[in-house]
Amino acid sequence: MSAMPAPAEAQTLLQAGARYPRIRMLPSGELIATVLLFPTDYRVRVFSSTNNGASWTAVSTFGEANWPTQHTSSPDFVVMPNGDLILGINTETNCIGCIPKIRIFKSTNQGRNWSYLSTAATSNKAITSTDNDGFWEPNFSFDSSGNLVLTYADETSDCCSQKLIKVRSYDGGATWTERSNLIAMGTGNDPDNKDAHRPGMPIVVKLTDGTNRWMLTYEVCGLSPAAVNCRHHYKTSTDGWNYGATNSIGTALVGNANRYFNGTPMVKSVPDGGPLLWIGKNLYLQEGTVSQANGLILFKSASGSPSGPWDSMNAPVQLTNTLASNCEGFSPALQWVPNGSGGKNLVHMTMKYNSTTAVCDMYFGSAPLN
């Protein structure tokens with residue numbers, strides 16, 4: 001049965017002026033979260049929680065000297081098997097003559113210190129006054145052999161307004177190889193072409209439905225009518241690397257009551273046979289109108305499968321302005337944690353628009369999963 005929206009627990013400000021939250025759990029149980037300081041700083045701030053997300057402490061802020069002027073975007077990080085952290089971030093995203101890159105950083109002390117490790121991708125052209133093509137939204141996963149995989153959106157190719165790319169590292173992120181298309185549906189290199197199919201915001205998780213599959217989730221913008229523009233789609237893989245025909249749009253995700261999310265997807269698999277969780281920026285009804293539950297719920301597939309059946313639960317952080325603000329609810333974070341009763345809680349981190357400062361502030365909350 002679908003849960004009715006209700007007020008979440010008290011929400012606490014994590015960081016003023018921030019975007020792109022990401023949360024991971026270390027082998028010790030400590031939670032690490034990163035946010036991009038936005039819109040004036042463009043460095044990465046790192047937070048720690050040792051009480052399952054009930055409170056957070058800033059432990060570091062890092063960046064390179066040119067980031068505040070040349071700008072960065074969409075950092076993501078992953079916990080390596082030995083506990084080290086690998087973080088990727090889009091750099092040089094907003095400066096004429098710059099060459100966009102995805103730079104990789106490493107921490108060997110739980111995010112307290114970071115050092116440059118490698119460059120996973122470099123654009124084949126510089127940003128010009130009329131062409132700001134670049135790379136966006138890196139996401140890390142591991143393939144079936146334990147190799148590190150990086151997936152990201154690419155606006156630099158003449159084939160496509162935007163496409164998804166994959167690269168792989170066999171040495172923990174020090175070098176990258178096998179760059180190839182993941183989803184590339186054509187329509188030419190024009191980011192302003194509203195008829196273009198633009199897959200973006202990739203997220204990869206290992207499913208817990210017993211099928212030994214990986215799930216690649218992404219938005220597809222440029223779709224019409226407007227109610228399905230940036231609707232979430234997915235593909236699955238048996239090895240965490242191959243996801244079928246690159247020119248296929250994939251399968252549209254459908255939640256309970258035929259509702260669906262548009263924009264900035266986030267999915268999370270809960271281990272040990274736990275559910276698959278799914279949230280996005282805006283929630284629509286089957287007929288294409290905005291749901292009254294927009295900003296208030298997320299979907300949960302108890303089977304762990306993207307085909308459902310899906311139920312809904314109240315989002316720990318409740319939002320009321322996602323349509324009016326382009327940053328509220330944008331690219332949220334989900335992370336499961338153990339709770340004191342032998343079950344699991346969900347930690348949710350997302351942004352709320354601050355009308356006084358005209359920026360989005362980061363909030364967090366948690367709620368029982370079972």
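Predicted model: local features only at pLDDT ≥ 70, side-chain atom pairs only at ≥ 80, totals over all residues.
How many disulfides does the structure hold? The structure holds four.

1. Disulfides in general. A disulfide is a covalent bond between the sulfur atoms of two cysteines. If the bonded cysteines of this protein are counted along the chain, the pattern of links reads 1-2, 3-4, 5-6, 7-8.

2. Cys-95 and Cys-98. These two cysteines are joined by a disulfide, with a distance of 1.9 Å from S to S. The S-S torsion of Cys-95 and Cys-98 is about -125 degrees, so this disulfide is left-handed. Are the two cysteines buried or exposed? Cys-95 has a relative accessible area of 12% and is buried. Cys-98 is also buried, because its relative accessibility is 9% and the cut-off for buried is under 20%.

3. Cys-221 and Cys-230. The sulfur atoms of Cys-221 and Cys-230 lie 1.9 Å apart and form a disulfide. The angle about the S-S bond is 115 degrees, and the link of Cys-221 and Cys-230 is right-handed. Both Cys-221 and Cys-230 are buried.

4. Cys-327 and Cys-360. Here the S to S distance of the disulfide is 2.1 Å. The torsion about the S-S bond of Cys-327 and Cys-360 is about 80 degrees, so the disulfide is right-handed. Which parts of the chain does the pair link? Cys-327 is in the loop between β23 (310-314) and β24 (333-338), while Cys-360 is in strand β26 (residues 359-368). The two cysteines are 33 residues apart, and the parts they link are distant in the chain. Cys-327 counts as buried at 4% relative accessibility, and Cys-360 counts as buried at 4% as well.

5. Aromatic pairs. The count of aromatic pairs comes to 16. One of them is Phe-135 with Tyr-152: the ring centres are 5.3 Å apart and the planes are at 70 degrees, so the pair is edge-to-face. Phe-135 belongs to strand β10 (residues 135-142) and Tyr-152 to strand β11 (residues 148-154), so the pair ties together parts 17 residues apart in sequence. Phe-135 is buried, with a relative accessible area of 2%. Tyr-152 is buried too, with a value of 0%.

6. A ring cluster. Which residues do ring pairs link into a cluster? The cluster is made of Phe-62, Trp-67, Phe-105, Trp-114 and Tyr-116.

7. Charges over rings. Arg-24 has its charged end over the ring of Phe-77, at 5.5 Å from the ring centre. Arg-168 has its charged end over the ring of Trp-241, at 4.0 Å from the ring centre.

8. Strand β25. This strand covers residues 344-354, and eight of its 11 residues are buried, so β25 is largely enclosed by the rest of the structure. It pairs with β24 in the antiparallel sense, over six bridges. Its pairing with β26 is antiparallel as well, over 10 bridges.

9. Bridges and turns beside β25. On the β26 side, His-348 has Gly-365 of β26 as its bridge partner. The hairpin of β25 and β26 has four residues between the strands, and Ala-358 in this hairpin takes a positive phi near 65 degrees.

10. The second largest pocket. How much space lies in the second largest pocket? The space comes to about 760 Å³. The pocket is lined by 27 residues, and those closest to its centre are Arg-24, Phe-142, Val-204, Lys-206 and Lys-268. Arg-24 is also the residue whose charged end sits over the ring of Phe-77. The strands β2 (18-25), β6 (72-79), β10, β14 (198-206), β19 (266-269) and β24 each supply at least two residues of the lining. Among these, β10 is the strand of Phe-135, and β24 is the strand that pairs with β25.

Terms used:
Residues numbered from 1 in each chain as written. Heavy atoms only, no water. Disulfide = S-S within 2.5 Å. Buried < 20%, exposed > 50% of the residue type's maximum accessible area, 1.4 Å probe, protein only. Phe/Tyr/Trp six-rings, centres within 6.5 Å; stacked < 30°, edge-to-face > 60°. Lys NZ or Arg CZ within 6 Å of the ring centre and 35° of its normal. Pairing = 2+ DSSP bridges. 1 Å grid on protein atoms, 1.4 Å probe; cavity = no way out; pocket = protein on both sides within 12 Å on 5 of 7 lines; lining within 4 Å. Points joined across faces, edges and corners; volume = space filled by probe spheres on them.
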